[in-house]
Amino acid sequence: MDPVLLLAEWWWIAPTAAAGATAGAIGLRRRSTRSGRRLEYDAARHDLRIAQQTAVARRTTLKIARADLARVTAERAAQRATAEQVAGARRMLRERERDARAASAEVRARRVRVNAARAAIPAGSAPRPLERLYAEHDAVTARWMRYETDPALQIAYPAMTDVKRPETAAYLRAAGTAVEARRGTTGRITAAEFAAYRDAVAELERAFEAAEHAARVHAGEAPTTPAWQDAAHDMVNRSVEAIDRAAGAAASALAAWSSRRSRPRSDDDA
């Protein structure tokens, strides 16, 4: 058969196969999304987009603050503005610079979390991110219920169930927020809804730890500052001191080397 006629007759095979492969990939991704395997990854990407939008907005306000300072400085030179107005514009600029740096750091942290979430997408038989989040939520609630239902714990740690205590009140508020966020995860959940529930559970865990520590302090069983915070603080201080010592040693060695290089060579050296 003529090769040209053969090509004309079967030209559609390659595009059809490519389209089928693309449709299969899209279908696989949609099944992965519906099954919830990618929820944590999608939520991390959602957080990154929000952080990037915030960083752009803060860079814009930083530019405005710089322009305002330049304007007020020029007006001060023309005696149309006071020194206090110039000082206020400088303070505003410093605040906007701090905000912009914080937003940039948040973007970098969110990128790291996106990479971590991508690497942690569970296999087909592994628990889904939402299932793990439910388990974490239930575990914190179970720890709290022990203080509510165990008479011995109620006697030993009365502050844990005292709603007048600020830490206990903060935990109860966090518990209500987490329950409300959990209601939003029924049915088909979006990345934003998952992120809201994830953040609510994380805040619940922090609030419970703070309430439990305060109750133990009230019972005389724990120091005011948790021991792990003291250890972490000491470790950071030691690390900073070690870095300072290393930097000092390196600077001394560089200065000595530079001094030797700049010293003129004598006949004995030759």
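These legends walk through a few close-up views of a predicted model. Residue numbers start at 1 in each chain, in the order its sequence is written, and local features are given only where pLDDT is at least 70, while side-chain atom pairs need pLDDT 80 or more and totals for chains, interfaces and linings take in all residues. Side-chain values rest on heavy atoms, with hydrogens and water left out.

**View 1**
Read from the N terminus, the elements go α-α-α-α-α-α-α-α-α. Helices (H or I, at least four residues) and strands (E, at least two) are DSSP runs, numbered from the N terminus. Of the 270 residues, 23% are buried; buried stands for under 20% relative accessible area, exposed for over 50%, and partly exposed for what lies in between (1.4 Å probe, protein chains only). The accessible surface is about 18300 Å², and carbon and sulfur atoms hold 58% of that (Shrake-Rupley method, 1.4 Å probe; for residues, only the protein chains shown count as cover). Among contacts with a separation of 6 or more, 70% join residues 24 or more positions apart, where contact means heavy atoms within 4.5 Å.

**View 2. Helix H5 (residues 129-149) meets helix H8 (residues 191-218).**
Their axes come within 10 Å and cross at roughly 25°, which means that H5 is roughly parallel to H8. Here the axes are lines fitted to C-alpha atoms, for helices over the stretch in contact, and angles run from 0 to 180 degrees between N-to-C directions. Angles under 35 degrees count as roughly parallel, over 145 as roughly antiparallel, 65 to 115 as roughly perpendicular, and the rest as oblique. The crossing of H5 and H8 is left-handed, a term for a near helix turned anticlockwise from the far one by less than a right angle. On the H5 side, look for residues including Leu133, Val140 and Trp144; on the H8 side, Val201, Leu204 and Phe208 are among them. By class, this contact has twelve nonpolar, one polar and seven charged residues. Ala, Val, Leu, Ile, Met, Phe, Trp, Tyr, Cys and Pro count as nonpolar, Asp, Glu, Lys and Arg as charged, and the others, Gly among them, as polar.

**View 3. Glu212 sits in helix H8.**
Glu212 counts as buried because its relative accessibility is 14%. Beyond its neighbours within four places in sequence, Glu212 contacts Arg143, Tyr147 and Met160.

**View 4. H5 also packs with helix H7 (residues 166-183).**
The axes of H5 and H7 are 12 Å apart, at an angle of about 145°, and the crossing is left-handed. Tyr134, Thr141 and Trp144 of H5 are among the residues in contact, as are Tyr171, Leu172 and Val179 of H7. Seven nonpolar, three polar and two charged residues make up this contact.

**View 5. Gly176 is in helix H7.**
Gly176 is partly exposed, at 41% relative accessible area. Its C-alpha atom is 9.2 Å from that of Leu204, which is 28 residues away along the chain.

**View 6. His46 belongs to helix H3.**
With a relative accessible area of 22%, His46 is partly exposed. Not counting residues up to four places away in sequence, His46 touches Ala191, Ala192 and Ala195.

**View 7. Gln79 lies in the loop between helix H3 (39-77) and helix H4 (83-119).**
Although not a glycine, Gln79 has a positive phi of about 60°. Most residues other than glycine have a negative phi. Gln79 counts as exposed, at 73% relative accessibility.
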